[in-house]
Amino acid sequence: PRKKPDLLAWEKMVRRINGLQRKLTVALVGKYTSYKDSYTSVIEALNHAGVYHDVEVEVRWIGAEQIEGLATEEEREALFAGVQGIVVPGGFGGRGIEGKIEAARFARENRIPFLGLCLGMHCAILEVARNVCGLEEAHSLEFDPQTPQALIEPLPGLEPGEKPFCRGKMRLGSYPCTLLRDSRAYRAYQKDIVNERHRHGYKLNYSFQENLALAGLFVTGFHPQEQVAEIVELEGHPWYVATQFHPEFKSRPNRPHPLFLDFIDAQLNTPPLK
């Protein structure tokens with residue numbers, strides 16, 4: 001006879017899901033928000049971490065271009081009112097970039113837990129470069145091939161402005177990442193080296209690393225051989241982490257990703273923006 005499957009762990013998880021009493025609101029600032037399945041893996045990773053912490057995660061969809069249309073800080077505060085965390089996910093193309101950069105600024109200045117994913121990391125870097133380092137023309141060569149302050153540069157084999165997904169030149173799949181011991185990422189993972197999944201064609205220009213460090217934005221995770229920054233963190237902030245990779249791809253209902261777990265935990269200890 002066929003052995004009966006052991007479903008105790010899954011049954012316990014379902015009971016936890018059905019018994020959630022608390023809620024928190026996370027803003028997801030993207031450019032594809034009219035297509036809700038565009039960010040399914042991010043939403044599910046948030047849900048996995050929420051269930052682990054016995055909290056229901058409510059996602060507030062905010063279009064990056066919607067932010068670009070706001071004229072005052074009061075309007076931005078109203079848009080993010082009640083939010084306890086902000087996620088800026090990945091994407092391609094220049095549409096909505098300024099809105100994503102503005103979301104990163106808002107999270108930094110209002111001390112709201114922030115998670116940037118892939119392109120979200122690039123936006124976080126550009127925001128700090130422009131508004132803290134004083135590099136007013138800071139940009140990515142993906143969107144402005146003529147920028148004199150190229151904080152984000154193409155991977156070897158790509159030309160500035162080239163679309164890697166159209167040329168088959170993307171950095172895809174699993175790559176190792178070495179973590180600094182005194183980083184928030186290390187506290188989340190409890191490992192010196194992790195392997196995470198990637199999908200990108202551009203990266204941090206390391207020649208600006210010192211400028212960013214002086215502003216409090218540090219590279220805390222990096223490829224052990226290649227000159228690719230994998231994680232950046234903002235010093236002195238309740239929780240501000242951005243990754244070149246996509247941690248959401250490795251999250252599972254019964255094994256939430258460590259960074260999402262830590263992100264949700266930080267929000268439980270941070271009052272919502274009023």
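Visitor: Where is threonine 147 found?
Guide: Threonine 147 lies in the loop between strand E5 (138-140) and strand E6 (149-154). Helices (H or I, at least four residues) and strands (E, at least two) are DSSP runs, numbered from the N terminus.

Visitor: What kind of model is this?
Guide: This is a predicted model, where local features need pLDDT of at least 70, side-chain atom pairs count only at pLDDT 80 or more, and totals for chains, interfaces and linings use all residues. Residues are numbered from 1 along each chain as its sequence is written, and side-chain values use heavy atoms, with hydrogens and water left out.

Visitor: Is threonine 147 buried or exposed?
Guide: Threonine 147 counts as buried because its relative accessibility is 8%. Buried means under 20% relative accessible area, exposed over 50%, and partly exposed in between (1.4 Å probe, protein chains only).

Visitor: What does the side chain of threonine 147 reach?
Guide: At 2.8 Å there is the backbone oxygen of glutamate 137, and at 3.2 Å the backbone nitrogen of glutamine 149.

Visitor: And which residues does threonine 147 touch, not counting those up to four places away in sequence?
Guide: Glu137, Ala138, His139 and Leu141. Contact means heavy atoms within 4.5 Å.

Visitor: Which sheet has E5 and E6 in it?
Guide: An open sheet of three strands, ordered E5-E6-E9, with mixed pairing. E5 and strand E9 (202-204) are the edge strands, each pairing on one side only. From one strand to the next the twist averages 30°. Axes are lines fitted to C-alpha atoms, for helices over the stretch in contact, and angles run from 0 to 180 degrees between N-to-C directions.

Visitor: How many bridges join E6 to E9?
Guide: Three, and the two strands run antiparallel. Isoleucine 152 stands opposite leucine 204 in E9. Two strands pair if DSSP finds at least two bridges between them.

Visitor: Change of topic: which way do the residues of strand E12 point?
Guide: In E12 (residues 240-243), Tyr240 and Ala242 point one way, Val241 and Thr243 the other way, and all are buried. In a regular strand the side chains alternate between the two faces of the sheet.

Visitor: What does E12 pair with?
Guide: Strand E4 (residues 114-117) pairs with E12 in the parallel sense over four bridges, with leucine 117 opposite threonine 243. Strand E11 (residues 229-234) is joined to E12 by three bridges and runs antiparallel to E12; there, valine 232 stands opposite alanine 242.

Visitor: What is in the turn of the E11 and E12 hairpin?
Guide: Five residues lie between the two strands, and glycine 236 in the turn has a positive phi of about 80°.

Visitor: How many residues of helix H5 are buried?
Guide: Eleven of its 13 residues, so H5 is mostly covered. Among them are Ile97, Lys100, Glu102 and Phe106. H5 (residues 97-109) reaches 19 Å from its first C-alpha to its last, close to the 18 Å expected at 1.5 Å a residue; that span is 1.5 Å times one less than the number of residues.

Visitor: Which residues touch the most other members in the largest nonpolar core?
Guide: Val29, Phe80, Ile86, Ile125 and Leu151, out of 46 residues. Helix H6 (residues 119-131) supplies the largest share, eight residues. A second, separate core of 32 residues includes Tyr39, Val57, Leu261 and Ile264. A nonpolar core is a set of buried Ala, Val, Leu, Ile, Met, Phe, Trp, Tyr and Cys residues joined through side-chain atoms within 4.5 Å.

Notes. A polar contact is a pair of N or O atoms within 3.5 Å; within protein, one must be able to donate a hydrogen and the other to accept it, and residues adjacent in sequence count only if both atoms are side-chain atoms.
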